[in-house]
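This report walks through one protein model for a reader who has not seen it before. Please keep the sequence and the structure in view while reading.

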Amino acid sequence: MLNNKLAVLITRHLAGETSEEEQKELFDLLKDQPDQQYFLDLLSNYWISGKGTFADDETNSDEHFNHILALADETTSTNEEQISAPKNNSSFRRKIYLWSAAAAACAAVFLGIYKYSGKQPQPIVAVSHKNEVSAKSGAKSRLTLPDGTKVWLNAESRITYNSSFNSKFREVELEGEAFFDVVKNAQRPFIVHTSGIDIKVLGTAFNVKSYPKESTIEATLVRGLIEVIKKNEPTGPRVLLQPHEKLIFNKERDSLKLTVPANTIAKTSSQDIFIMPVSKSLPDSAMKETSWVYNKLIFDGDRFQDLAVKMERWFDVKIIFRSDRVMNYRFKGVFENETIEQALNALQLTAPFTYKIHDHEVEIYKSKSD
């Protein structure tokens, strides 16, 4: 059975309330009592499966996102207190303790059955179960991480995290595009791992786009402060991003490309690190980088070839060009509730081309009069 001290530490660990000293004490106890790691594994699985949720209700997601971005004009400290408030709620903590006690009781019964049958459960030394949430083509998803952080996933995106997520570091792996509103916890930095860069934050709101087939990775900061470092240079220069700045990482050149000298923590011997400003006058619903959360696809001078990649995810179609000239047409506009036919018809008003649609495949041709 769990001793009282270990039970309390495990409960506080799962609730994200342990101090550094308590965290160290928990690890020391588990090291001295490896058989008790089984309980932590069991409780972690119950906690992750019960607390991490996501929804496809776009109306609720957009309303909540509007509320989050409305807080951008307030001070960071006030905003962080509002986000963190549920963790200090006595009713919330009481539910956690009641849940933990029930789960521990179940574990005790489980062990009793093993003992009666003459078998003993094998201790689990390392807990590394993966949790994954994804959004398919043509759709978006939302999830709440175990620490309360809110994440919106764009189409064809996937986020994964371990069951030990809320321990020393809060780490997630992202493939695709996501908007994060991170709950502040100075003792547990939040880290987003992509294929080319790692992004470290404490409490902030930002967008990350990292699709495997695209040549760049983008990180756009809405509020707070983020630190970016190249994955293959963990001890290299670090870039600090301020609100309304965007970082672009070129995967092919393996460089960070921005437009003004970067705020680097470490000195760099090359000039491949810059910062690109994002308009402060535009509302977040009108910014290309975050408009997708408002169910808007904004394009501003995009080549048809590049716009087609976005449209494929947005409308869940495959677009094939039969003309190199048409691929280089440039467009400016916004899609919201249009069908693929309506979107293409709107584009035809400003550029000459024809198209055919068969199931989920779109073929685009040069106009006969062109």
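In this predicted model, Tyr 161, Phe 165, Phe 180, Phe 190 and Phe 206 are linked into a cluster by ring pairs, where rings of Phe, Tyr and Trp (its six-membered ring) pair if their centres lie within 6.5 Å, and planes under 30 degrees apart count as stacked, over 60 as edge-to-face and the rest as tilted. The structure holds ten aromatic pairs, and two of them are set out below.

| Aromatic pair | Centre to centre | Angle between the planes | Class |
|---|---|---|---|
| Trp 152 and Phe 179 | 6.0 Å | 70 degrees | edge-to-face |
| Phe 180 and Phe 190 | 5.8 Å | 65 degrees | edge-to-face |

Trp 152 is buried, with a relative accessible area of 3%, and Phe 179 is buried at 0%, where buried means under 20% relative accessible area, exposed over 50% and partly exposed in between (1.4 Å probe, protein chains only). The pair of Phe 180 and Phe 190 likewise joins distant parts of the chain, from strand 6 to strand 7 (residues 190-193), ten residues apart. Phe 180 has a relative accessible area of 0% and is buried, and Phe 190 is buried with a value of 0%.

Turning to the sheets, three strands form an open sheet in the order 19-22-21, with mixed pairing, and two strands pair if DSSP finds at least two bridges between them. Strand 19 (318-321) and strand 21 (353-358) stand at the edges with a single partner strand each, so one side of each has no neighbour in the sheet. Neighbouring strands of this sheet are turned by 20 degrees against each other on average, direction ignored. Strand 19 runs parallel to strand 22 (residues 361-366), joined by four bridges, and Ile 319 stands opposite Val 362 in strand 22.

Helix 7 (residues 304-315) lies across strand 19, strand 21 and strand 22, at about 160 degrees to strand 19, while helix 9 (residues 340-348) packs on the sheet, touching strand 21 and strand 22, with its direction at about 170 degrees to that of strand 21. Here axes are lines fitted to C-alpha atoms, for helices over the stretch in contact, and angles run from 0 to 180 degrees between N-to-C directions; contact means heavy atoms within 4.5 Å.

Strand 13 (residues 245-250) is largely enclosed by the rest of the structure, because six of its six residues are buried. Glu 245, Leu 247 and Phe 249 point one way from strand 13, whereas Lys 246, Ile 248 and Asn 250 point the other way. Strand 10 (residues 216-223) pairs with strand 13 in the antiparallel sense over six bridges, and the bridge partner of Thr 216 in strand 13 is Asn 250.

Residues are numbered from 1 along each chain as its sequence is written, and side-chain values use heavy atoms, with hydrogens and water left out. In this predicted model, local features need pLDDT of at least 70 and side-chain atom pairs count only at pLDDT 80 or more, while totals for chains, interfaces and linings use all residues.

Methods
Helix = DSSP H or I, 4+ residues; strand = E, 2+ residues; numbered from the N terminus.
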